[in-house]
Amino acid sequence: GHLLVRKEETLLSIKELEFDYKTDKLSAEDYDELRRKLETTAVAILERIDQLGKLNKDARKSSKRADVT
């Protein structure tokens, strides 16, 4: 839910940042700094989504094993 929305917002922000840079609304220095921050945020969100996916997968495996016994 919420993490997927944040991921999409962050990716959109990166695209908007690229557009602003290409249309000379940002200096190269500002672009580089902002892009680094957004990429760091995106990586953190993707890692959290991955962690939650693994937890959910492990939980499903545990519940299936409990059903079998």
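Tutor: The radius of gyration, taken over C-alpha atoms, can be set against a globule rule of 2.2 Å times the number of residues to the power 0.38. For 69 residues, a compact globule would come near 11 Å, whereas the protein chain has 19 Å. This is a predicted model, in which local features need pLDDT of at least 70 and side-chain atom pairs count only at pLDDT 80 or more, while totals for chains, interfaces and linings use all residues. Residues are numbered from 1 along each chain as its sequence is written, and side-chain values use heavy atoms, with hydrogens and water left out.

Student: What does the C-alpha trace of the protein chain span along its principal axes?

Tutor: The secondary structure comprises 2 helices and 0 strands, where helices (H or I, at least four residues) and strands (E, at least two) are DSSP runs numbered from the N terminus. Along the principal axes, the C-alpha trace spans about 65 × 15 × 15 Å.

Student: Is Thr10 buried or exposed?

Tutor: Thr10 belongs to helix H1, residues 2–22. Buried means under 20% relative accessible area, exposed over 50%, and partly exposed in between (1.4 Å probe, protein chains only). Because its relative accessible area is 8%, Thr10 is buried.

Student: Which residues is Thr10 in contact with, leaving aside its neighbours within four places in sequence?

Tutor: Contact means heavy atoms within 4.5 Å. With those neighbours left aside, the partners of Thr10 are Leu38, Thr41, Ala42 and Ile45.

Student: Which side chain meets that of Glu18 in a salt bridge?

Tutor: A salt bridge is a side-chain nitrogen of Lys or Arg within 4 Å of a carboxyl oxygen of Asp or Glu. The N to O distance for the Glu18 pair is 2.3 Å, and the partner is Arg35. Glu18 lies in helix H1 and Arg35 in helix H2 (residues 28–68), so this pair ties together parts that are 17 residues apart in sequence. A network of salt bridges links Glu18 with Arg35 and Glu39.

Student: How far apart are the closest N and O atoms of Glu33 and Lys37?

Tutor: Glu33 and Lys37 are 4 residues apart in helix H2, and therefore separated by about one helical turn. Glu33 is partly exposed, at 36% relative accessible area. In the salt bridge between Glu33 and Lys37, the closest N and O atoms are 3.2 Å apart.

Student: How many salt bridges does a search of the whole structure find?

Tutor: One of them joins the side chains of Lys54 and Asp50, at 3.4 Å from N to O. For the whole structure, the search finds 5.
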